[in-house]
Amino acid sequence: MSSCPFSSTAHTASASTAQGERIVQEEKAQLDFDGRMSYGDYLQLDAILNAQKPLSPDHNEMLFIVQHQTSELWMKLMLHELQAAIHNIAADELPDAFKKLARVSKIMEQLVHAWDVLATMTPPEYSAIRPYLAQSSGFQSWQYRCIEFSMGNKNAAMLQPHAHRPDLSATVQTAYEAPSLYDECLRLLKRRGLDVPSTHTERDWRQPYPASEAVENAWLVVYRDPKQHWDLYQLGEELTDLEDAFRLWRFRHVTTVERVIGFKRGTGGTGGVSYLRKMLDTVLFPEIWTLRTQL
């Protein structure tokens with residue numbers, strides 16, 4: 001007599017249910033968090049998930065808020081990694097620096113893709129919430145400013161948007177006055193015996209970085225003999241990856257703003273797209289790019 005398939009199926013389902021109940025019983029101690037720290041407690045989710053306070057009646061404002069809040073969280077991590085990488089390079093701890101710089105590049109990739117989500121907001125949808133933004137603008141992000149300064153794009157005028165918050169202003173000022181990532185890289189090259197001029201290793205860190213043929217020649221020594229200078233060569237490529245990702249982030253920002261608001265002025269008083277396009281011309285590590293023509 002052939003066996004009944006329905007009986008077999010019922011047996012399997014019963015065994016599966018019994019196994020599930022055993023797992024629940026075994027893990028029961030982990031299901032009751034009364035008086036103990038839970039996932040939500042550890043991540044402070046009550047504070048994070050209740051930090052979205054739309055001011056307009058428009059449905060799409062939630063997207064705008066979440067987009068910018070999550071970007072600020074990623075920037076917090078980026079600063080954490082970037083500043084630690086700078087300290088690693090100053091201490092000749094290159095493997096640790098490489099790990100952190102690679103992570104910063106990946107964070108920038110996340111920020112690039114975040115613009116794809118905001119780009120789903122159409123011009124009429126943005127126009128419905130724009131009056132409620134008043135003068136608030138991403139231009140005023142102190143974390144972004146610290147990232148720019150830490151990567152070498154120094155501009156004293158960019159301190160002013162943060163002057164109304166002495167606590168934040170002090171943090172931005174510190175980033176402005178400190179050696180940038182590239183400054184520390186050049187000091188490292190100098191310590192390794194490469195001919196980097198003192199004008200680029202002992203300068204006023206508050207000033208914009210001036211490109212130098214002598215610095216390019218120092219990097220060329222590294223790139224023409226990667227095996228001899230392997231860690232410095234790897235450092236140069238980490239910088240290349242980093243600026244490449246940063247350029248993509250800026251470009252995606254420009255195209256998203258143009259798509260959503262056209263050529264209107266920004267809420268923070270900038271020229272909007274015209275201002276952002278000028279930023280595309282900024283080169284953070286110039287000799288890392290120009291040396292390629294000489295190879």
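**Entry 1: the start of α11**

I began at the start of α11, where a side-chain oxygen of serine 212 reaches to within 3.1 Å of the backbone nitrogen of alanine 214. I noted at once that this is a predicted model.

Next I checked the length of α11.

Then I asked which residues of α11 are buried. I listed Val215, Glu216, Ala218, Trp219, Leu220, Val222 and Tyr223. I also reminded myself of a rule: an α-helix has 3.6 residues a turn, so residues three or four places apart point the same way.

What do these buried residues pack against? I found three partners for them: α10, α12 (230-261) and α14 (286-290).

**Entry 2: the whole protein**

I stepped back to count elements. The protein has 14 helices and zero strands. Read along the sequence, the pattern is α-α-α-α-α-α-α-α-α-α-α-α-α-α.

I looked up burial next. Of the 295 residues in the protein, 39% are buried. The protein exposes about 16,900 Å². I noted that carbon and sulfur atoms supply 56% of that area.

I also looked at contacts between residues at least 6 apart in sequence. Among these, 69% join residues at least 24 apart.

**Entry 3: arginine 203**

I went to the loop between α10 (181-191) and α11 (213-224), where arginine 203 is found. Is arginine 203 buried or exposed? Its relative accessible area is 15%. The cut-off for buried is under 20%, so arginine 203 counts as buried.

I then followed its side chain. The side chain of arginine 203 reaches the backbone oxygen of glutamine 207 at 3.1 Å. Leaving aside neighbours within four places in sequence, I found arginine 203 in contact with Asp183, Pro208, Tyr209 and Pro210.

One of those contacts needed a second look. Arginine 203 forms a salt bridge with aspartate 183, and the closest N and O atoms are 3.0 Å apart. Arginine 203 lies in the loop between α10 and α11, and aspartate 183 lies in helix α10, so the pair ties together parts that are 20 residues apart in sequence.

How many salt bridges does a search of the whole structure find? The search finds 13. I picked out two more to follow.

In one, the side chains of arginine 192 and aspartate 231 meet at 2.8 Å, N to O. This pair links distant parts of the chain, 39 residues apart. Arginine 192 is in the loop between α10 and α11, and aspartate 231 is in helix α12. Arginine 192 counts as partly exposed at 37% relative accessibility. Aspartate 231 is partly exposed too, with a relative accessible area of 26%.

In the other, aspartate 116 forms a salt bridge with arginine 252, with the closest N and O atoms 2.9 Å apart. Where do these two residues sit? Aspartate 116 is in helix α6 (residues 94-118), and arginine 252 is in helix α12. They are 136 residues apart, so I wrote this pair down as a link between distant parts of the chain. Aspartate 116 is partly exposed, with a relative accessible area of 37%. Arginine 252 counts as partly exposed at 21% relative accessibility.

**Entry 4: threonine 256**

I stayed in helix α12 for threonine 256. Its relative accessible area is 1%, so I marked threonine 256 as buried.

What does threonine 256 touch, not counting residues up to four places away in sequence? I found Trp115, Leu118 and Ala119.

**Entry 5: a surface patch**

I finished on the surface. Which residues form a nonpolar patch there? I found Met37, Tyr39, Tyr42 and Leu43. Together they have about 520 Å² of accessible area.

I looked up one member of the patch. Tyrosine 42 lies in helix α3 (residues 39-42). Tyrosine 42 is exposed, with a relative accessible area of 61%.

Definitions and conventions
Residues numbered from 1 in each chain as written. Predicted model: local features only at pLDDT ≥ 70, side-chain atom pairs only at ≥ 80, totals over all residues. Heavy atoms only, no water. Patch = residues over 30% accessible without salt bridge, like charges linked within 9 Å, V, L, I, M, F, W, Y side chains within 5 Å. Areas by Shrake-Rupley, 256 points an atom, 1.4 Å probe, with all protein chains shown as cover. Salt bridge = Lys/Arg side-chain N within 4 Å of Asp/Glu carboxyl O. Helix = DSSP H or I, 4+ residues; strand = E, 2+ residues; numbered from the N terminus. Buried < 20%, exposed > 50% of the residue type's maximum accessible area, 1.4 Å probe, protein only. Polar contact = N/O pair within 3.5 Å; in protein donor to acceptor, adjacent residues only side chain to side chain. Contact = heavy atoms within 4.5 Å.
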